[in-house]
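User: Hi! I'm new to this one and would like a friendly tour. Could you show it to me and walk me through it?

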Amino acid sequence: QVQLVESGGGLVQTGESLRLSCTASGRTFDKYAMGWFRQSPGKEHEFVARISWSTALTYYSDSVKGRFAISRDRSKNTGYLQMNSLKPEDTAVYYCATTDELLTADRYHYDTWGQGTQVTVSS
């Protein structure tokens, strides 16, 4: 069974950084992409970034481009989301997820999700 486990969330102040991790088990991910989404109270899941597991091709939402960086360590089967220059509007539960559609940002095309990790940015 495929499992994704996120870690690294927490409470930080505006302008600080956090790095989220997502460790995957149960499958070989070379034909998959890993994405990060976030959800704030009362809002839909918002796409943040994705990375192709085999090629490391990345794609970001406009709201985080230039501040966040997605990466993966194939040897550890772990993906990362480095978040810099955090803003209060980045406050959300962050989820990692995987898809076999390498170029999609549509959350409905991601079939496996982690449990989420809370990120809170105070002003």
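Analyst: Happy to. Let's start with a term: a salt bridge is a side-chain nitrogen of Lys or Arg within 4 Å of a carboxyl oxygen of Asp or Glu. Asp90 forms one with Arg38, where the closest N and O atoms are 2.8 Å apart. This is a predicted model, in which local features need pLDDT of at least 70, side-chain atom pairs count only at pLDDT 80 or more, and totals for chains, interfaces and linings use all residues. Residues are numbered from 1 along each chain as its sequence is written, and side-chain values use heavy atoms, with hydrogens and water left out.

User: Where do Asp90 and Arg38 sit in the chain?

Analyst: Asp90 is in the loop between strand S8 (78-83) and S9, while Arg38 is in strand S4 (residues 33-39); the two are 52 residues apart, and their pair links distant parts of the chain. Strands here are DSSP runs (E, at least two residues), numbered from the N terminus; helices would be H or I runs of at least four residues.

User: Is Asp90 buried or exposed?

Analyst: Asp90 counts as buried, at 0% relative accessibility. Buried means under 20% relative accessible area, exposed over 50%, and partly exposed in between, using a 1.4 Å probe and protein chains only. Arg38 is buried as well, with a relative accessible area of 5%.

User: What else does Arg38 pair with in a salt bridge?

Analyst: Glu46 also forms a salt bridge with Arg38, again with the closest N and O atoms 2.8 Å apart. Glu46 is partly exposed, at 31% relative accessible area.

User: And how many salt bridges are there in the whole structure?

Analyst: A search of the whole structure finds five. One of them joins the side chains of Glu44 and Arg107, at 2.8 Å from N to O. Glu44 lies in the loop between S4 and S5, and Arg107 in the loop between S9 and strand S10 (112-113), so this pair ties together parts 63 residues apart in sequence. Glu44 counts as exposed, at 56% relative accessibility.

User: Which residues are joined into one network?

Analyst: Arg38, Glu46, Arg67 and Asp90 are, through salt bridges that share partners.

User: Changing topic: how many disulfides does the structure hold?

Analyst: One. A disulfide is a pair of cysteine sulfur atoms within 2.5 Å, and here Cys22 is joined to Cys96 with an S to S distance of 2.0 Å. Cys22 lies in strand S3 and Cys96 in strand S9, so the pair ties together parts that are 74 residues apart in sequence.

User: Why is that disulfide right-handed?

Analyst: The torsion about the S-S bond of Cys22 and Cys96 is about 65°, so the disulfide is right-handed. Cys22 is buried at 0% relative accessibility, and Cys96 is buried with a relative accessible area of 0%.

User: OK, now the strands. What order does the open sheet have?

Analyst: The open sheet of four strands runs S1-S3-S8-S7, with antiparallel pairing. Its edge strands, S1 (3-7) and S7 (68-73), each pair on one side only. Two strands pair if DSSP finds at least two bridges between them. S1 and S3 (residues 18-25) are joined over five bridges, and Val5 stands opposite Thr23 in S3.

User: What does S11 pair with?

Analyst: Among its partners, strand S2 (residues 10-13) runs parallel to S11 with four bridges, and Gly10 stands opposite Val119. Strand S9 (residues 92-99) runs antiparallel to S11 with three bridges, and Val93 stands opposite Gln118.

User: Which way do the side chains of S11 point?

Analyst: They alternate along residues 117-122.
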